[in-house]
Amino acid sequence: MRAVTSALAAVLAGLTALPAGAIAADYLRGTQIDQPVSAPVFAPGFDWSGFYLGGGAGVSETKFKPGEGVQKLANHAFRNTLIGTEYNPGGWVSNLPDKRDSGSQFFGILGYNYLFGDVVLGFEADYTRSGHAYSVNDDIARRVTTSGGSVTDVFLRTNQSAKLNDYATMRLRMGWTYGRIMPFATFGGAVGRFDARSTVDANALIVANAGLPTEQRFQGAGYPLQVGATRKNKYAFGLSAGAGVDWAVTDNLFLRAEYQIVRFAEVEGTTTTVNTGRVAAALKF
């Protein structure tokens, strides 16, 4: 009887110890129940798409290149005369040098961006106040003797000027996004509003007894006269290109640094090119 009791006690002791060992083994191996794993959270990228509106300021250098307009006008002033046929008065007019004007300018911008992955395509319009201008005058005097024996004193005063009042551009934009930074390039058309003048004042005095103490001069028929034109608010078209970088400060505000070149077609004998470095701020909607 004592032997049976001892055996039962040993079995009960083993059964009691078994759960504790299993629990200890489970603790050492870790839990066998799969726990859910949270997906990594990434900060959302900046959305460059949509409308934007802003403005800024820049420093521009405007180059005015006079053409051959005044030379042609000088010849026109003596058309159908022996002076015009035999002497080519336009050749007396020197080629005018390029003129430059520079200073600050202010502008506004309006545009829309489309986002295709990391590529941004869009269009942008801007309006700029300018006021850059140039003016060149020259006085020329010649004494000529025509094949008919007539001696004439010829006087020319050339006047060429232009003022770029303001201009606007409409450009395509292409950029590449790096988070909140977007470098871009632009290309498009431009239209400018000019005040321009290209005139020649001509006079011809007929000389009698040339070189003698009794020399006299008489006004030539049809002179003095002025040829050419002075025009206000004359529009000229051109091309525009540029490059820059936008930086999104907040979700609705970005800053810009940009270089832009605009070249206009000839207006009254003057071709105009504007080079501008500028900065801007804009709100995105």
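Biologist: Which residues does Val-154 touch, if we do not count residues up to four places away in sequence?

Modeller: In this predicted model, Val-154 touches Phe-78, Ile-83, Trp-92, Ile-140, Ala-141, Arg-142, Val-144 and Asn-203. Each of these is called a contact because heavy atoms of the two residues lie within 4.5 Å.

Biologist: What makes Val-154 stand out in the largest nonpolar core?

Modeller: That core has 22 residues, and Val-154 belongs to the group that touches the most other members, together with Phe-78, Trp-92, Leu-156, Val-200 and Ala-202. The elements that give two or more residues to the core are helix 2 (69-77), strand 3, strand 4 and strand 5. A second, separate core has eleven residues, including Tyr-52, Ile-109, Phe-254 and Ala-280.

Biologist: How do you know whether Thr-152 is buried or exposed?

Modeller: The relative accessible area of Thr-152 is 3%, and buried means under 20%, so Thr-152 counts as buried. Thr-152 is found in strand 4 (residues 151-176), and leaving aside its neighbours within four places in sequence, Thr-152 is in contact with Ile-83, Arg-142, Arg-143, Val-144, Ala-204, Leu-205, Ile-206 and Val-207.

Biologist: And how do you know whether Thr-199 is buried or exposed?

Modeller: The reasoning uses the cut-off of 20%: Thr-199, which lies in strand 5 (residues 181-208), has a relative accessible area of 1%, so Thr-199 is buried.

Biologist: What makes the pairing of the Thr-199 and Arg-197 side chains a polar contact?

Modeller: The two side chains come to 3.2 Å, and the limit for a pair of N or O atoms is 3.5 Å, so the value falls within the limit and the pair is a polar contact.

Biologist: How many aromatic pairs are there, and why is the one between Tyr-112 and Phe-123 given its particular name?

Modeller: The count comes to ten aromatic pairs. Tyr-112 and Phe-123 lie 6.4 Å centre to centre, where the limit is 6.5 Å, and their planes are 25° apart, where under 30 degrees counts as stacked, so this is a stacked aromatic pair. The pair links distant parts of the chain, as Tyr-112 is in strand 2 and Phe-123 is in strand 3 (residues 119-145), eleven residues apart.

Biologist: What makes us say that the charged end of Arg-278 sits over the ring of Phe-107?

Modeller: The charged end of Arg-278 is 4.1 Å from the ring centre of Phe-107, and the rule asks for a distance within 6 Å, together with a position within 35 degrees of the ring normal. Arg-173 likewise lies over the face of Phe-184, at 4.6 Å from the ring centre.

How values were computed: Residues numbered from 1 in each chain as written. Predicted model: local features only at pLDDT ≥ 70, side-chain atom pairs only at ≥ 80, totals over all residues. Heavy atoms only, no water. Helix = DSSP H or I, 4+ residues; strand = E, 2+ residues; numbered from the N terminus. Buried < 20%, exposed > 50% of the residue type's maximum accessible area, 1.4 Å probe, protein only. Polar contact = N/O pair within 3.5 Å; in protein donor to acceptor, adjacent residues only side chain to side chain. Phe/Tyr/Trp six-rings, centres within 6.5 Å; stacked < 30°, edge-to-face > 60°. Core = buried A, V, L, I, M, F, W, Y, C linked by side-chain atoms within 4.5 Å.
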